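Here are some notes for you to read with the model open beside them.

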Amino acid sequence: QSKTILEEEIAQILQKEDLDPVLKATGLWHLGNAQRQFGELKASQKNLQKSLAIASTLQLQRLRSSVLLDLGNTERALSNSVSAIGKKEEALDYRNMALAAYQEVANSQFSVSQSVFINQVQANLNRLSFLIDVEDWSEVQPLWPDLLSTITELPPSRKAIYAQLNFANSLAKVMQAADSQQADQGTELTWQQIDALLVRAIQQAQNLNDPIAESYGVGQRGELYEILGQWSQAQTLTQQALWLTNKT
């Protein structure tokens, strides 16, 4: 039903020539994001590119940052999609476009609002996780240390909590790759640092009275202890995470 409303009604409104350009750019952004969730990746890319063009022309920097981040997410999904059917060159093209979009958001030099700063952090997180997925370890190694210091500067919020959980998940993959000698993560990163990051996110979720975010954090700690072979602690944390879901 949502898909029908978006594509048969909202999309028609967005085609009107006399529509306010800011509203049009915002509408195309939301439509493109919805289409990515529906799996309509080419349409998502097209509408996000249209939104980006308007936002760039009007110098709507906050909106431009958000659209560019989501365009990178769509191009990442396109890369994964064509890679799954063996189209390696096309997958590489989409991969490069996604990484370029993330890089542009991360390197934004204009006056940074809090929302744009969050986008910059998220762009680097998405770039990191994508590089890990494609096992580009030479690019991964120099990226995570700066993120580690930046993440701890985020003021408490739901976005900040999920950013920390996202980052901790990526760091765990880096450690696992290093343990299996697929990659060199350097000497700085430890499992204790990853656990501390999760504990911090959980504490923030508790302070914000957000049991869902807390449940994700506790469950992720359970997965961490499972990786480390500490089964009793892993079981306790996983049971606690399940219990937290009943509080909502």
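This is a predicted model: local features need pLDDT of at least 70, side-chain atom pairs count only at pLDDT 80 or more; totals for chains, interfaces and linings use all residues.

1. The crossing of H7 and H8 is left-handed. On the H7 side, the contact uses Trp137, Val140, Trp144, Leu147, Leu148 and Ile151. Facing them from H8 are Ala163, Gln164, Phe167, Leu171, Lys173, Val174 and Ala177. Helix H7 covers residues 137–151, and its axis lies 11 Å from that of H8, at an angle of about 140 degrees.

2. Ala168 has a relative accessible area of 2%, so it is buried. Once neighbours within four places in sequence are set aside, its contacts are Ile194, Leu197, Leu198 and Gln220. Ala168 and Trp191 are 23 residues apart along the chain, and their C-alpha atoms are separated by 9.8 Å.

3. The structure holds one aromatic pair. Why is the pair of Tyr162 and Tyr216 edge-to-face? The ring planes stand at 65 degrees, with the centres 5.9 Å apart, so the pair falls in that class, for which the planes must be over 60 degrees apart. Tyr162 belongs to H8 and Tyr216 to helix H10 (residues 211–227), so the pair ties together parts that are 54 residues apart in sequence. Tyr162 itself is partly exposed, at a relative accessible area of 30%.

4. Helix H1 (residues 2–14) packs with helix H2 (residues 21–38) at an angle of about 150 degrees, and their axes are 11 Å apart. H1 and H2 are therefore roughly antiparallel to each other, and their crossing is left-handed. From H1, the residues involved are Ser2, Lys3, Leu6, Glu7, Ala11 and Leu14. They meet a set of H2 residues including Leu23, Gly27, Leu28, Leu31, Ala34 and Phe38.

5. H2 has a further partner in helix H3 (residues 41–57), with an angle of about 160 degrees and axes 8 Å apart. H2 is therefore roughly antiparallel to H3, and this crossing is left-handed. Among the H2 residues in contact are Pro21, Ala25, Trp29, Gly32 and Arg36. On the H3 side you will find residues including Leu41, Ala43, Ser44, Leu48 and Ile54. Leu28 of H2 takes part in the contact with H1 and in the contact with H3.

6. Asn80 sits in helix H4 (residues 61–83) and counts as partly exposed at 42% relative accessibility. Its C-alpha atom is separated by 8.4 Å from that of Arg95, 15 residues away along the chain. Asn107 lies in the loop between helix H5 (88–106) and helix H6 (114–133), and it counts as partly exposed at 42% relative accessibility. From Asn107 to Trp231, 124 residues apart along the chain, the C-alpha atoms are separated by 42 Å.

7. Finally, please check two backbone angles. Glu135, in the loop between H6 and H7, has a positive phi of about 60 degrees although it is not a glycine. Asn209 is another non-glycine residue with a positive phi, near 55 degrees. Asn209 is found in the loop between helix H9 (191–207) and H10, where it is exposed, with a relative accessible area of 66%.

Methods. Residues are numbered from 1 along each chain as its sequence is written. Side-chain values use heavy atoms; hydrogens and water are left out. Rings of Phe, Tyr and Trp (its six-membered ring) pair if their centres lie within 6.5 Å; planes under 30 degrees apart count as stacked, over 60 as edge-to-face and the rest as tilted. Helices (H or I, at least four residues) and strands (E, at least two) are DSSP runs, numbered from the N terminus. Buried means under 20% relative accessible area, exposed over 50%, partly exposed in between (1.4 Å probe, protein chains only). Axes are lines fitted to C-alpha atoms, for helices over the stretch in contact, and angles run from 0 to 180 degrees between N-to-C directions. Angles under 35 degrees count as roughly parallel, over 145 as roughly antiparallel, 65 to 115 as roughly perpendicular and the rest as oblique. A crossing is left-handed if the near helix is turned anticlockwise from the far one by less than a right angle, and right-handed if clockwise. Contact means heavy atoms within 4.5 Å.
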